[in-house]
Amino acid sequence: MTITQDILYVGVNDHNIDLFEGQYIVPNGMAYNSYAIVDEKIAIMDSVDAAFGDEWLGNIKNALGDRKPDYLVVQHMEPDHSANIVSFVNAYPEAKVVSSAKAFVMMKNFFGDDFADKQVVVGEGDKLSLGKHELNFVAAPMVHWPEVIVTYDSTDKVLFSADGFGKFGALDVEEDWACEARRYYIGIVGKYGLPVQTLLKKAAALDIQFICPLHGPILTENLGYYINLYDTWSSYRPEEEGVMIAYTSVYGNTKKAVMELADMLKANGCPKVVVNDLAREDMAEVVEDAFRYSKLVLATTTYNGDIFPFMRHFIDAITERNYSNRTVGFIENGSWAPTATKVMKGMLEKSKNLTYAESEVKIMSALNEDSKAQLEALAKELA
Ligand code: FEO
């Protein structure tokens, strides 16, 4: 695949993976992107996952023919991109390794070798000329690890954005960008909104025609759409008006209340209502929805003096990603001493700028006239 006349795709698709980063299901696989910039000197941008070293080196050979790379630029040391640095160095012993000082420390930790005789240490504002192409390095700490740099090719106006603007899914599968990019971003980079905002501000000063991330498709058109979504996600603003109801239900009574609330919200004109069963839906998808919509309802049972485990896991997952700037409503169920709302509010204490709905719903085992009236009040308030 040719991106510009001089920039070629040499990455790989992974359809064998079961869980990306040990926890995310990826039904459409994963792409580990790598690029060759072919000029008087040749730079390879990042390596790929451990399982694809031979395929990646084969792609480089096919792309370059008789020529050999002069540089391997390592933007990010997470093993999905760094696992084949050693194979590259063995295949091309004359090449230099270009990376941040922190990344070389990580190489020593990962591989027992920081390639001292091949190091080119770069940081914010440093440049590397390949001939016609000039690579400009931009520090991007915590997007998504501390050593990360991104690279701007000022000749072809390409931003190599590391994990930024990445998504789940291999490149040989057609699917909506935003859905899997949002799940990827919120799940993996979501905690680091502030560093992403810093990087977006730096990127705003550049004339960017192409974004080449380490995962997902190369972005070539309508870049404002993608950049605006990243700005929304990284500033923790809701993307859409709507209510997401996240629930757990042991015998179906809490579920019944949730379904009634969903109907009431729609009847009251709520623009969008999404219902997620925390025990059965992909947790990353539900976490993504929590950040997507402006309002959240948490419905769960009191359990072992605490709350049902899937709800605890869910609230932990959103608070560790800085869930904030939203309205939250509560439904609790308990057969003798419901305390779930108190526990949930306690867990949300570290979240900033949350507004709690005044109408709360307390179910004593099953819905009755009182709790139905509370549901109606909550629906009216949220809609
Ligand atoms: Fe795609 Fe943070 O690694």
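Domain 1 and domain 2 bury about 900 Å² between them, with 52% of it on carbon and sulfur atoms. This is a predicted model, in which local features need pLDDT of at least 70 and side-chain atom pairs count only at 80 or more, while totals for chains, interfaces and linings use all residues. Residues are numbered from 1 along each chain as its sequence is written, and side-chain values use heavy atoms, with hydrogens and water left out.

Q: How do you know that the domains are in contact?
A: Contact means heavy atoms within 4.5 Å, and 10 residues of domain 1 meet that rule with 10 residues of domain 2.

Q: Why is the pair Arg-183 and Glu-285 called a salt bridge?
A: A salt bridge needs a side-chain nitrogen of Lys or Arg within 4 Å of a carboxyl oxygen of Asp or Glu. The N to O distance for Arg-183 and Glu-285 is 3.8 Å, so the pair qualifies. Between domain 1 and domain 2 the count is three salt bridges.

Q: Which classes of residue line the largest pocket?
A: Its lining has five nonpolar, 12 polar and no charged residues. Asp, Glu, Lys and Arg count as charged, Ala, Val, Leu, Ile, Met, Phe, Trp, Tyr, Cys and Pro as nonpolar, and the others, Gly among them, as polar.

Methods
Buried area = accessible area lost by both parts, 1.4 Å probe.
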